[in-house]
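Good morning, and thank you for coming.

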Amino acid sequence: MKNLNATKFLAFSLLIVLAGCQQYSLVQAERVSISENFSVEPDTNWNKRTTDGAEIWTIDGESLQSLRLFKGLGDGDTLFKLANAERQENMPTYSDTMSLLEIREFIETSLVQSNATNVKGGVFEPRKFAGHDGFRFYVTFFDKNGLQIKGFVEGAKAKGKLFVVFNYGAKLYYYDKHLKNVENMIQSAQIANAQS
Amino acid sequence: MSGFRLLALTGAIAIALNGCLTTQSGSTIATDGDEPIPRLTAAAAPGARPNLKSDEAGLRMMYDKAEAGMQTSGALIRDPELNQYISDLVCKLAKEYCAEIRVYIIRAPYFNATMGPNGAMQVWSGLLLRVRNEAQLATVLGHEIGHYLKRHSVERMRNVVATSNGLAFFQLAMAGAGVGFIGAVGQLVAMAELTAYNRDQEREADLFGHQFLVEHEYDPYQAAKIWENLREEQKADGDDDSKSLFLASHPLPNERRETLDKLAQRTDASVINWETGQDRYNAALRKHRKTYLQDELQLRRFDRFEALLEMLLKDGVNTGELRFFLGEIHRLRNEGSDMETAQRHYEQALKDGGAPAEIYRSMGQVHQKSGMPAKAKAS
């Protein structure tokens, strides 16, 4: 009886621990819809979890390497949703009237509000994204654990929304490790029924 | 990491004054009245180490772990000149305790400084932006050194453990050791509250700060001005004191200002050549200020930042740079007549000189928003 109780206790404890885990699922190498209008086709398998407004994909683990695919930001949307109420209140909101420079400021400031430090914008260049006139800019920062992160944000405005992907990883090794897969996926991005 | 601030702060001041001041025993430190201002000494001799089996040694070990994290943090400002300037000032104040103190300048846009019981001192960039001269910086550093010299964090730990919440104290301390520099602000505030010094400890630390100022012939009235300015900034956006990391563990600014003002008044007659060291401070901060201002802007606490900029403008140092950031506040807020106000600030910034090159890009954006594409292109 004593053993049975101990087993029940362990099982219950495990349940509680697992309940706190992030829910990941497998993304297979085939066309995947991120939102109603936005889809990509990865060339390898990824792990993903879904948040409010974006999917977060990773191969090596989020803290080392991540790809955020935003479902399409509309007027008043914030890039990230934070638990800290004060920081969320100060999070900048997207507006469809933003210029490309303002979009860059919007993203950089959002990173700062989400606890990134030493955020430095790099090359900012026009680029086609899913067939639409868009942009890519590079960024480096340190995460809350002091890890130096390198990444880029690429996207375009379409159908009154901002579609962006944010690829980032530890500057040492992990950013470059799956870069080719990320570039291939971005090449495959499609924004359906959208007028640029 | 910022959660360590309180613990760290407690120790630093006590070290600096050892050997040069008479000992004030007892818990009540008089800072007003007619009796002479007491002079304090450190709780331990320079280089003294606690017994390895003691609770103090355990506390130090936790901070050693945290310090190892500081040394590799991306938030660490490594500029050799700025580090030398602040380390020199700390050594000037701490004297024979200098070798025990390591200074880490942290890029974080909040008013904060900490001092660990192991001698690891943090000075945050938001504090550097807000103190206006060397005397004010010496006040804060001296206060932190005072806590260290008097081993206030050890006293506090023992008191907490002996009364009610010893487990929570250690849990927070251990958790804090693994937190990034400004990662878990809420956790740091919680820790600050748990480890808050009592009123006598704060008075003692203030008194140390005051003594440092007088000893090195800094203007003692500068100590109170720090708190006066901080209060002005808080009032601008209706902030309450509890939101400040630093203030979560310290007496309120008004009380602090009054106490320090009284100390300065009582010292007035004995000081011959006061100085603020403003030129030296401005020179040390000159090439960093724009970065720290940009960090403040990105916090988007616009009203508070505007109040800070208005105060800095009174010093007249590179006003073009300050007016550019005033313009940036209005451009980013973009409510009502903000665009017109932004444009006025940009124009004044160009007249003043010293505005960063980004001003032309910002003016272009304002013109674009205001329906003036030709002017936008010209910018």
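How much area is buried between chain B and chain A? The area is about 1,800 Å², and carbon and sulfur atoms give 43% of it; buried area here is the accessible area, with a 1.4 Å probe, that two parts lose on being put together, summed over both. On the side of chain B, B:Gly74, B:Gln298 and B:Arg300 lose the most area to chain A, together 30% of what that side buries.

Before I continue, please note that this is a predicted model, in which local features need pLDDT of at least 70 and side-chain atom pairs pLDDT 80 or more, while totals for chains, interfaces and linings use all residues. Residues are numbered from 1 along each chain as its sequence is written, chains are lettered from A and ligands numbered from 1 in the order in which they are written, and side-chain values use heavy atoms, without hydrogens and water.

In terms of contact (heavy atoms within 4.5 Å), 20 residues of chain B meet 22 residues of chain A. The interface holds 2 salt bridges, that is, a side-chain nitrogen of Lys or Arg within 4 Å of a carboxyl oxygen of Asp or Glu. One of them joins A:Glu105 to B:Arg331, with the closest N and O atoms 2.5 Å apart.

Let me turn to the cavities, sets of points on a 1 Å grid over the protein atoms alone where a 1.4 Å probe fits but cannot get out. The largest cavity has a volume of about 140 Å³, the volume being the space filled by probe spheres set on the points. Its lining (residues with an atom within 4 Å of a point) comprises 15 residues, including A:Val112 and B:Asp295.

How values were computed:
1 Å grid on protein atoms, 1.4 Å probe; cavity = no way out; pocket = protein on both sides within 12 Å on 5 of 7 lines; lining within 4 Å.
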